[in-house]
Amino acid sequence: MEPSLASRKKSIAGPSQEAQTPALTDGVDRWWLLLLAVVVVTWLLVRTRPDPYLRIFTFLLDGVRVTLGITVASFVFIMIAGLLGGLGRISKNPLVNGAASIYVELIRGIPLLVQLMFIYYASPIVLRGLGQRLIGVLPSVAQWLISVKINPFAAAVGGLTICYGAYMSEIVRAGIESISKGQSEAARSLGMSYFQAMRHVILPQAVRVILPPVGNEFVALLKDSSLVSVVAVADMTRRGREFMASTFLALETWLMVALLYLVMTLFFARVVAYIERKMQFVR
Amino acid sequence: MSDSIIQIENVSKRFGHVVALDNVSMNVRKGEVVVIIGPSGSGKSTLLRCINHLESVDSGRIVVDGIPLTEAKNIDKVRAEVGMVFQLFNLFPHLTALQNITLAQRVVRKRPEKQAVELAHELLGKVGIPEKANAYPAQLSGGQQQRVAIARALAMQPKIMLFDEPTSALDPEMITEVLDVMLDLAREGMTMVVVSHEMGFVRAAATRIFFMCDAHIVEETTPDGLSLATCKEERTRQFLSKILS
Ligand SMILES: Nc1ncnc2c1ncn2[C@@H]1O[C@H](COP(=O)(O)OP(=O)(O)OP(=O)(O)O)[C@@H](O)[C@H]1O
Ligand SMILES: [Mg+2]
């Protein structure tokens, strides 16, 4: 039913437009070359000097998996938190709006590292205290609260979600507010409910607006995920520290860690740019 | 009045300190084409938008097709019965003309896709652009966009159509194509409330004309009575002398 994106763009782009935006029709995005260069450098190091670079590389691979896993898992929850937070920020209900605003303002004022420390080290103490209070009232719940162990992976995902969710809320809010009021009025005048109008009219348009900042957030999240190494998650950064501690090869270790982060961030930045171009449409 | 489909009783509306509607009353009968004219800022759009509750009234009462516009439940019901056409079209830019027309049919009326598409094609034919079904709004001229917007509203099979200056954002050569569609609708017996200063349309289609000024309806007349000589109010005459020339 719907024409493919490629044919749709072809039919939209007139001659004048091609002249204005050569990047759109150029095909190859030159920044892929930078990524290629970094990949080649990494590969050359591993091939020409397997000792120590291949050893480091192999040791870090587990960490790469954890870093990607944490980033992707967190990102899913961040999108949900950002959508709820963003809708809350534009809500006319003072209670919902107030709660969303306080969340955003408070969380944005606390460093991510401190939030992670709090969740991993401080929140068990809070839960234990709560459990001791409740022991007479709800013994089973209290027992659970006292004995609960914070899973490092969950703490990491939770911390990143709470923190990045606040920034994402602001991005979503700005995206929704950028869609003209006439759009929701047209939708509502056709009898659509608030949520139908959001789902079918406002959000599909807002997505195109917020895609660039959301892509930036993903890349920033990938880098900030290195902070979870402080809460006992064996991500790439933590694996790097472990390797260095046992071999004292500081330069080689951190060079490899940096190169691997670069490969990932450059790659995702290109993917985001690619999706962005695909989703463009003429207003 | 038993046959009135829109009853507006003593409606007032203000935006902060600005009074947009001051104790306005008006009745529209089934099948009538009511035209509202008046100077900029006199409250024409606000009155129209109150009819499908895009604006809430501060006081007074509006009943549409027997449904009082009070509870939220009623509002969605009324909106599905009342089509609205905007000055700036407000088509959904991420959807094709066809999808613009089928969206509300599917999500509000819960019509099956096939049926919705059939009706959409039929309506695109009716507004004279059957070949534009798969075009996006940005690929259409202003006049074509407005005709898609009319088809989109008609797809809900409304009992009433509201038009807020539907041609004032259009180039002169596109105005007639939109007015022709509106004239056809009027001839078919659609109840219409139209804010427009297109005197050709007003003369050809209007059953009654209301003149608004400073948040009031100051005069009611018919196309035959719409001349400088017959209008009683000085303000109406002043305004008419501008738009009739
Ligand atoms: N959302 C709003 N917020 C504040 N003031 C408003 C709003 N909508 C309308 N007004 C004010 O209410 C008054 C009536 O506006 P309205 O749009 O109904 O006039 P109008 O007769 O349609 O004018 P025009 O011919 O320029 O469209 C104006 O003074 C306008 O500035
Ligand atoms: Mg107006």
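In this predicted model, β2 (18-29) and α1 (44-51) of chain B each supply at least two residues of the shell around ligand 1. The largest share of that shell, 3 residues, comes from α1(B).

**The shell around ligand 1**

- The residues around ligand 1 are B:F15, B:V18, B:A20, B:P39, B:S40, B:G41, B:S42, B:G43, B:K44, B:S45, B:T46 and B:E165.
- Sorted by class, this shell holds 4 nonpolar, 6 polar and 2 charged residues.

- B:S45 places a polar side-chain atom 2.6 Å from an oxygen atom of ligand 1.
- For B:G41 the backbone is involved: one of its N or O atoms lies 2.8 Å from an oxygen atom of the ligand.
- B:E165 has a polar side-chain atom 3.3 Å from an oxygen atom of ligand 1.
- Taken alone, ligand 1 exposes 630 Å², and the protein buries 60% of that area.

**Helix packing in chain A**

- Two packed helices are described by the angle between their axes and the distance between the axes.
- Helix α5 (residues 50-90) and helix α6 (residues 94-108) of chain A pack at an angle of about 125°, and their axes are 7 Å apart.
- The crossing of α5(A) past α6(A) is left-handed.
- Helix α9 (residues 152-177) and helix α11 (residues 194-224) of chain A have axes that come within 9 Å and cross at roughly 140°.
- That angle makes α9(A) oblique to α11(A).
- α9(A) passes α11(A) in a right-handed crossing.

**Backbone geometry in chain A**

- Most residues other than glycine have a negative phi, and most peptide bonds are trans.
- The peptide bond that joins A:D51 and A:P52 is cis, with omega about 15°.
- A:P52 is placed in helix α5 of chain A, the helix that packs with α6(A).
- A:F248 is a residue other than glycine with a positive phi, near 60°.
- A:F248 is found in the loop between α12 (236-247) and α13 (250-279) of chain A.

Notes. Residues are numbered from 1 along each chain as its sequence is written. Chains are lettered from A and ligands numbered from 1 in the order in which they are written. This is a predicted model: local features need pLDDT of at least 70, side-chain atom pairs count only at pLDDT 80 or more; totals for chains, interfaces and linings use all residues. Side-chain values use heavy atoms; hydrogens and water are left out. A residue is near a molecule or strand if one of its heavy atoms lies within 4 Å of it. A polar contact is a pair of N or O atoms within 3.5 Å; within protein, one must be able to donate a hydrogen and the other to accept it, and residues adjacent in sequence count only if both atoms are side-chain atoms. Accessible areas come from the Shrake-Rupley method with a 1.4 Å probe; for residues, only the protein chains shown count as cover. Helices (H or I, at least four residues) and strands (E, at least two) are DSSP runs, numbered from the N terminus. Ala, Val, Leu, Ile, Met, Phe, Trp, Tyr, Cys and Pro count as nonpolar, Asp, Glu, Lys and Arg as charged, and the others, Gly among them, as polar. Axes are lines fitted to C-alpha atoms, for helices over the stretch in contact, and angles run from 0 to 180 degrees between N-to-C directions. A crossing is left-handed if the near helix is turned anticlockwise from the far one by less than a right angle, and right-handed if clockwise. Angles under 35 degrees count as roughly parallel, over 145 as roughly antiparallel, 65 to 115 as roughly perpendicular and the rest as oblique.
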